[in-house]
Amino acid sequence: MKYAVIDRGDSISQSLAEQFHTLAAERGFNRNDDAPEIVVSIGGDGTLLQAFHKYVDRIMDVAFVGVHTGHLGFYADWQKNELPELVALMAEKELSIVRYPLAEIEVETTEGKFHYMALNEFTLKGVDGTLVAQINVNDEPFEMFRGDGIVISTPSGSTAYNKSVGGAIVHPSIASIQIAEIASINNRVFRTLGSSLLLPQHHHCDIISKKNQRMLLTIDQLSILRSDILSIRCNVSSRKVSFARYRPFPFWNRVRDAFVDMHEV
């Protein structure tokens, strides 16, 4: 088995990474940072997002495993004291893969088009004032948005920023993207839907800038500030991210453990 490890960079994560390398060598695993089959993320959800973007060009050829070193990570199946069990299962148990949808983003600027993939979400915000943008769905005008910004999330990312602005939590088996508003302006003059919107696979939305404005794009952890964005197209990607499962951890259990106080159940 060819593997790579991405750690958060703190002393605990680095120590766990060295421990993993030692255990993996004892099992005959081959460390290959350029072309791994399995990528082990040690840290938190941010570390896994970092690992995803490092290997996004090989996304069809790798599977990810998350080890969390602090609070429960939404993408992390394993705790820091479970490395020996994880390595043993990797060596002895048949690999089970779950695949989650991704968002594909095409940004058109005066300099050309740029393409990105998002595991969690893509956000667009106005920098110097209200964001003004027309939103089209499947090439048909849908609304004129005025407000702080827009979040486009994947199902797995629906538990992140999307949830904090009132969007719905969506199971990753539903290949979709969700559009949620950040502090939209709604009065007698301006009106938006005021609700999140779920688009299925093969549908797309376009966000078209309607004034000269500086905008901040954030794709997961990557932030881009530009003043020449003409439009942005978002849709469900034809590619998916793969996670290696060596024991069951259902999605709704993750949601419950992340957000629900178990003492009240």
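A search of the whole structure, which is a predicted model, finds two cavities of 30 Å³ or more. On a 1 Å grid over the protein atoms alone, a cavity is a set of points where a 1.4 Å probe fits but cannot get out, and lining residues have an atom within 4 Å of a point. Grid points are joined across faces, edges and corners, and a volume is the space filled by probe spheres set on the points. Local features need pLDDT of at least 70 and side-chain atom pairs count only at pLDDT 80 or more, while totals for chains, interfaces and linings use all residues. Residues are numbered from 1 along each chain as its sequence is written, and side-chain values use heavy atoms, with hydrogens and water left out.

**Cavities**

- The largest cavity has a volume of about 70 Å³, and its lining consists of Ile135, Phe142, Glu143, Ile179, Glu181, Leu193, Ser195 and Leu197.
- Strand 10 (140–153) and strand 11 each supply at least two residues of this lining, where strands (E, at least two residues) and helices (H or I, at least four) are DSSP runs numbered from the N terminus.
- The lining of the largest cavity divides into five nonpolar, one polar and two charged residues, with Ala, Val, Leu, Ile, Met, Phe, Trp, Tyr, Cys and Pro counted as nonpolar, Asp, Glu, Lys and Arg as charged, and the others, Gly among them, as polar.
- The second largest cavity, with a volume of about 30 Å³, is lined by Phe74, Tyr75, Tyr100, Phe243, Arg245 and Arg254, which divide into four nonpolar, no polar and two charged.

- Pro172 lies in the loop between helix 4 (161–164) and strand 11 (176–184), and it counts as buried because its relative accessibility is 2% (buried means under 20% relative accessible area, exposed over 50%, partly exposed in between, with a 1.4 Å probe and protein chains only).
- Leaving aside neighbours within four places in sequence, Pro172 is in contact (heavy atoms within 4.5 Å) with Tyr100, Pro101, Pro155 and Phe251.
- Pro155 is 17 residues from Pro172 in sequence, yet the two are 4.9 Å apart in space, C-alpha to C-alpha.

**Helix 1 and helix 3**

- The axes of helix 1 (residues 11–26) and helix 3 (residues 83–92) come within 10 Å and cross at roughly 35 degrees, the axes being lines fitted to C-alpha atoms over the stretch in contact, with angles running from 0 to 180 degrees between N-to-C directions.
- Their contact involves Leu16, Gln19, Phe20, Leu23 and Ala24 of helix 1 and Leu83, Pro84, Leu86, Val87 and Met90 of helix 3, and these residues divide into nine nonpolar, one polar and no charged.

Key: On a 1 Å grid over the protein atoms alone, a cavity is a set of points where a 1.4 Å probe fits but cannot get out, and a pocket is an open set with protein on both sides within 12 Å along at least five of seven lines; lining residues have an atom within 4 Å of a point.
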